Amino acid sequence: MNVRVMLLSTVAASLALAAAQSQSAGLPKLAVKPKYRVCFTQSEMDNPWRLAQTKSMQDEAKRLGWTLIFTNANGSAAKQASDVRSCIAQRVDAIFLTPREEKPLTPVVLEAKRAGIPLFVIDRNVDEKVAVPGRDFVTFIGSDFYEEGKRAAEWLVKKTNGKATVIQLLGSTGSSPAILRQKGFEDYVKKYPGIEIVASQTGNFTRDEGRKVMETLIQAHPNASAIYAHNDEMALGAITALETAGRKPGKDITIVSIDGQKSALQAIVDGKLGATVECNPRFGVKAFQTLKDYAAGKTIPVRMVNEDKFFDATNAKAMLGYAF
Ligand code: AHR
């Protein structure tokens with residue numbers, strides 16, 4: 001490296017650091033303490049992914065000896081907003097928020113900031129046009145949902161040689177995984193004229209709704225040759241509906257989904273589900289370490305992306321013990 005290049009990279013590094021510092025300047029401070037009292041506001045507890053995420057947060061709090069105040073919004077964004085307000089009223093040291101939907105949970109992020117409580121958005125996001133990471137909340141930690149949708153599409157295109165009539169089961173309307181998993185998938189398949197999406201309907205990320213929606217959609221589109229489900233629970237519900245309708249999932253209809261839960265990996269082993277893109281729910285260690293780093297004054301990136309694996313017939317059996 002010559003002197004000029006060295007100088008330029010030093011200047012660039014200093015500018016990046018200054019930008020990060022000035023961005024975090026308006027955020028509430030957090031004192032260094034041996035133990036913290038924190039809130040974790042969960043959106044719902046109705047599937048294996050949510051249970052695994054909650055367990056991961058509770059396990060890490062227990063390991064560190066911190067007090068974790070846990071709230072469950074039972075699938076209501078309004079209840080979750082009031083859960084966050086209750087955490088603010090209890091003057092906790094910090095809040096971990098896994099927002100059910102983007103827009104309804106954005107105002108309480110700003111309220112936490114005004115109350116002087118640092119807030120970490122984990123898993124799903126809020127509306128970043130209004131609440132900005134590094135300025136209004138400390139950081140976003142989670143999977144790249146757009147990439148998950150794209151990876152599902154890549155697999156499907158390869159598996160079907162670019163020719164499929166697809167039914168899409170969407171996640172909960174207005175949630176960041178539903179928005180981005182749809183976009184990532186649709187942007188990718190646009191390049192393949194042989195892939196046609198004939199229906200897209202929400203199954204609200206639940207097995208039961210996935211089943212009910214598929215019962216109707218498979219009647220309306222009996223020529224469907226593939227299903228893309230935004231999560232495993234809906235894919236498993238769809239498999240039940242398809243079997244009831246006399247279809248043979250994995251043989252006459254190809255299914256791809258997202259999450260990587262144990263029962264989905266078992267469905268791959270059984271030949272019914274084609275593949276699932278992992279959405280890693282194990283947030284505990286990373287979330288709590290980030291809080292400690294923030295308190296210690298370290299520069300926190302505004303976005304921290306989780307690594308996700310991929311499961312299909314080549315590795316599902318071997319990965320059963322790893323899955324949640
Ligand atoms: O936000 C992550 C998604 O939410 C998971 O894919 C899903 O199973 C959960 O409900």
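A: The side chain of D93 makes a polar contact with the side chain of K33, at 2.9 Å. A polar contact is a pair of N or O atoms within 3.5 Å; within protein, one atom must be able to donate a hydrogen and the other to accept it, and residues adjacent in sequence count only if both atoms are side-chain atoms. The model is predicted, so local features need pLDDT of at least 70 and side-chain atom pairs pLDDT 80 or more, whereas totals for chains, interfaces and linings use all residues. Residues are numbered from 1 along each chain as its sequence is written, and side-chain values use heavy atoms, with hydrogens and water left out.

D93 is found in the loop between α3 (77-89) and β3 (94-97); helices (H or I, at least four residues) and strands (E, at least two) are DSSP runs numbered from the N terminus. Beyond its neighbours within four places in sequence, D93 is in contact (heavy atoms within 4.5 Å) with L30, K33, Y36, R37, I117 and P118.

The wider setting is as follows. The chain is divided into domain 1 (28-142 + 281-306) and domain 2 (145-278), with bounds from an automatic or database domain assignment. Their C-alpha centres lie 30 Å apart, and the contact takes eleven residues from domain 1 and 16 residues from domain 2.

Leaving aside residues up to four places away in sequence, V38 touches, among others, W66, V92, A94, F96, F288 and L291.

The ligand is surrounded by residues including N47, W49, D123, F145, R181 and D259, each with a heavy atom within 4 Å of it. A polar side-chain atom of D123 lies 2.8 Å from a ligand oxygen atom; for R181 the separation from a ligand oxygen atom is 2.9 Å, and for D259 it is 2.5 Å. The protein covers 99% of the 280 Å² of accessible area that the ligand has on its own, computed by the Shrake-Rupley method with a 1.4 Å probe.
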